Number of protein chains: 2
Amino acid sequence: MSDLTRRALLAGTVTAAAAASSVPSILPARAAAPAAGRQVPGIYRYKVGEFELTAINDGVNLRPVEKGFVVNAELEDVKEALEDAYLPTDKLGIPFNQLIVNTGRRVVLIDTGTGGQQAPTAGLLIENMAAAGIDPKAIDTVLISHFHGDHILGLRTKEGELAFPNAEVQVPEAEWKYWMDDGEMSRAPEGRKGNFAAVRKTFGSIAKDVKHFDADAEVVPGITAVAAYGHTPGHMTFRIASGDDQLLVLSDTANHPALFVRNPGWHAVFDIDAAMAEETRRKIFDMAAADRLRIQAYHFPFPGTGFIAKDGDGYEFVPAPWSVVL
Amino acid sequence: MSDLTRRALLAGTVTAAAAASSVPSILPARAAAPAAGRQVPGIYRYKVGEFELTAINDGVNLRPVEKGFVVNAELEDVKEALEDAYLPTDKLGIPFNQLIVNTGRRVVLIDTGTGGQQAPTAGLLIENMAAAGIDPKAIDTVLISHFHGDHILGLRTKEGELAFPNAEVQVPEAEWKYWMDDGEMSRAPEGRKGNFAAVRKTFGSIAKDVKHFDADAEVVPGITAVAAYGHTPGHMTFRIASGDDQLLVLSDTANHPALFVRNPGWHAVFDIDAAMAEETRRKIFDMAAADRLRIQAYHFPFPGTGFIAKDGDGYEFVPAPWSVVL
């Protein structure tokens with residue numbers, strides 16, 4: 001009699017399967033079901049009018065919660081906010097969510113993830129696209145919200161090849177101007193120089209093919225760039241409209257909602273002009289709340305789509321329920 | 001020049017792909033990416049101690065929001081609660097979430113879904129298990145929380161075969177006693193007689209093999225039944241414990257959280273003894289909130305796992321963030 005069976009007997013919970021564990025014919029079933037040991041693909045579909053959207057998770061960065069991550073808040077207040085959200089207080093999982101928009105005429109990828117070059121628990125975009133049945137060759141447009149590494153590095157494979165070989169790449173003109181400027185690079189704080197290098201590595205050899213857009217441009221029929229400066233000099237959100245329906249892709253208007261939606265006045269270390277980023281955040285959140293506008297956000301828990309509600313001095317992110325019906 | 005290309009030109013957003021749309025070599029990419037037209041599989045993994053859990057969605061019932069669904073609330077108050085939760089007010093999507101627990105020794109399925117016999121938008125359990133890499137033959141234990149059709153019908157295929165042929169089936173003794181009693185069936189309101197028939201159809205031919213358990217029984221090593229009577233006479237929740245970690249499987253302690261977590265005093269039409277169900281709900285929610293206990297719920301938006309927080313007169317469901325890291 002096996003340990004399992006003895007223990008089950010002692011506990012008074014003998015099961016047919018346990019009692020019969022010496023019968024070889026039913027053993028294979030158990031042996032055939034080892035733990036999977038990994039998460040399922042991070043993919044989720046929903047519709048905006050006639051457009052079919054697929055949110056895709058590139059993974060997560062598990063960031064130690066340390067002094068300086070929120071530059072204008074005490075560490076104990078940050079930990080309290082995390083605890084209020086039932087999150088661990090030692091490490092914050094910051095997800096990376098890309099969005100694919102199939103308009104029926106175009107297949108558009110918004111931001112490209114880390115390319116497996118920023119965190120050991122990220123770099124899953126291509127694998128998760130495959131799980132969603134989307135071939136990287138089918139992407140005909142890549143829209144970039146801003147030039148931080150976790151939004152642009154996935155444009156290339158680790159080997160440096162273009163990951164979306166048939167795609168036209170469209171970027172904010174103001175981002176291009178800032179990050180491709182050698183003067184800005186030389187004046188930038190040390191901690192930002194790696195990002196300047198990443199921008200050059202990513203775009204350098206295709207510079208002549210990259211298209212630039214300004215705020216309010218309809219970059220793809222149905223998708224309009226909306227200025228959201230501050231996080232970076234040319235940081236863009238995107239309004240996606242089809243029929244009477246619409247969605248606002250927030251990009252990095254706020255980082256993790258447990259901190260920066262709840263406390264819109266908190267400044268993440270990533271903001272280049274934090275005061276402007278806060279002003280932008282409050283303006284966009286006020287609009288989203290007033291219009292009950294559905295949003296999609298890059299660093300919110302996957303799939304990162306839902307609503308922004310006013311809540312006291314701050315706001316609350318209300319995730320849209322997972323729906324089996326598109 | 002195609003319509004697409006003309007329109008793109010007029011909008012001032014010509015893309016390389018659009019401009020080149022007469023070049024056959026790049027056309028297949030677009031043609032190869034039609035809309036998927038359906039949701040991805042509803043599957044999600046997480047761990048409780050050493051146990052690996054997989055939440056599986058069987059689908060959803062899109063229920064018209066009508067007078068009588070919440071038996072002790074005005075329809076306008078119900079619609080207001082839905083609007084507060086950013087949900088449609090005409091139809092409520094009530095999901096069906098099963099849970100598979102791989103303890104390392106056992107593969108346990110808790111509740112079995114609709115078997116495709118209750119709603120046109122449900123019946124996906126077996127298909128979604130396949131997407132999760134779990135063979136129905138690998139299930140060695142089926143635990144049933146209570147005998148409502150959406151929890152038991154999936155024990156059989158539409159053709160009446162046992163869907164989990166190697167599984168021992170364990171059910172609450174008090175449920176068996178109530179639903180298999182011909183006197184109870186004859187005295188039951190008309191609307192409940194179909195459920196009595198479903199119970200007989202499901203369990204009749206395997207009655208001698210079905211194991212019965214009482215409250216507080218450790219039904220599988222690490223999984224203990226916890227009484228939650230009221231919704232039905234023998235309705236059970238399950239406490240899953242591994243190492244220092246634990247989870248409470250709420251079963252139908254509350255139906256959709258936007259209504260019945262927010263308003264624990266509201267009674268869903270499904271409750272057999274609504275007053276007792278409310279008392280049970282408040283007791284369990286008070287405990288879950290005080291202990292910050294992670295929960296899994298059958299009718300909450302998929303994957304249906306998170307926390308119950310006190311919120312004014314009621315409670316709030318705080319979904320656990322989707323995590324790529326197990």
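Chain A contains 11 helices and 14 strands, assigned as DSSP runs (H or I of at least four residues for helices, E of at least two for strands) and numbered from the N terminus. The model is predicted: local features need pLDDT of at least 70 and side-chain atom pairs count only at pLDDT 80 or more, while totals for chains, interfaces and linings use all residues. Residues are numbered from 1 along each chain as its sequence is written, and chains are lettered from A and ligands numbered from 1 in the order in which they are written.

The C-alpha atoms of chain A fill a box of roughly 75 × 45 × 45 Å along the principal axes. Of its 326 residues, 50% are buried, that is, have 20 or more other C-beta atoms within 10 Å of their own, with C-beta atoms placed from the backbone.

In the interface, 61 residues of chain A are in contact with 62 residues of chain B, a contact being a pair of residues whose C-beta atoms, placed from the backbone, lie within 7 Å. Elements giving two or more residues to this side of chain A include helix H1 (3-10), strand S2 (51-64) and strand S14 (314-319) of chain A. S2(A) gives the most, with four residues.

Methods
Buried ≥ 20, exposed ≤ 12 C-beta atoms within 10 Å, placed from the backbone. Contact = placed C-beta atoms within 7 Å.
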